[in-house]
Amino acid sequence: MKKVLVVSFALILSLGFVAFAKRPASAGPAAGNPGQCVQAGIGTLQALDLLTAAAQKQVDYSTLSDMDDGPIFADLPEGSFLSLGQVVKLHTSDPTLFAWCR
């Protein structure tokens, strides 16, 4: 059941990424290629075996953040259990926060 939920969620997110990727260049800082940035983020979560946990809001993103070394360039407090939707939105609104989007 978990795999079905994660796959369904990933499919829904992918459709959203396509919509973002088609925004005009004047749409903001992530307008260059936000879909590719988001896909790289999902790939990173998969590589770290964290995608299912992220979909269940069980990833403390503070463990992945470091202002100098990344891979998330932010000063997040311990216990930053963000929803996957929030993290995806950050990929499109401020891709410079993520090493794989720079």
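Ala, Val, Leu, Ile, Met, Phe, Trp, Tyr, Cys and Pro count here as nonpolar, Asp, Glu, Lys and Arg as charged, and the others, Gly among them, as polar. The model is predicted, so that local features need pLDDT of at least 70 and side-chain atom pairs count only at pLDDT 80 or more, while totals for chains, interfaces and linings use all residues. Residues are numbered from 1 along each chain as its sequence is written, and side-chain values use heavy atoms, with hydrogens and water left out.

**Exercise 1. The largest cavity**

Task: State what volume the largest cavity has and which residues line it.

Solution:
Step 1. On a 1 Å grid over the protein atoms alone, a cavity is a set of points where a 1.4 Å probe fits but cannot get out; lining residues have an atom within 4 Å of a point. Grid points are joined across faces, edges and corners, and the space filled by probe spheres set on the points is the volume.
Step 2. Two cavities of 30 Å³ or more are counted, and the largest has a volume of about 120 Å³.
Step 3. Its lining holds 15 residues, with Gly41, Leu45, Val87, His91 and Trp100 nearest the centre.
Step 4. By class, the lining of the largest cavity has 12 nonpolar residues, three polar and no charged.
Step 5. Helices are DSSP runs (H or I, at least four residues), numbered from the N terminus. H2 and H4 each supply at least two residues of this lining, and H2 gives the largest share, five residues.

**Exercise 2. Backbone angles in the loops**

Task: Determine where Asp49 lies and what its phi is, and then treat Lys57 likewise.

Solution:
Step 1. Most residues other than glycine have a negative phi, and most peptide bonds are trans.
Step 2. Asp49, in the loop between helix H2 (34–47) and H3, has a positive phi of about 55°.
Step 3. Lys57, in the loop between H3 and H4, also has a positive phi, near 60°.
Step 4. Buried means under 20% relative accessible area, exposed over 50%, and partly exposed in between (1.4 Å probe, protein chains only). Asp49 is exposed at 69%, and Lys57 is partly exposed at 45%.
Step 5. A cis peptide bond, with omega about 10°, joins Gly70 and Pro71. Pro71 belongs to the loop between helix H3 (51–55) and helix H4 (84–93).

**Exercise 3. Thr92**

Task: Decide whether Thr92 is buried or exposed.

Solution:
Step 1. Thr92 lies in helix H4.
Step 2. Its relative accessible area is 6%, and therefore Thr92 is buried.

Key. 1 Å grid on protein atoms, 1.4 Å probe; cavity = no way out; pocket = protein on both sides within 12 Å on 5 of 7 lines; lining within 4 Å.
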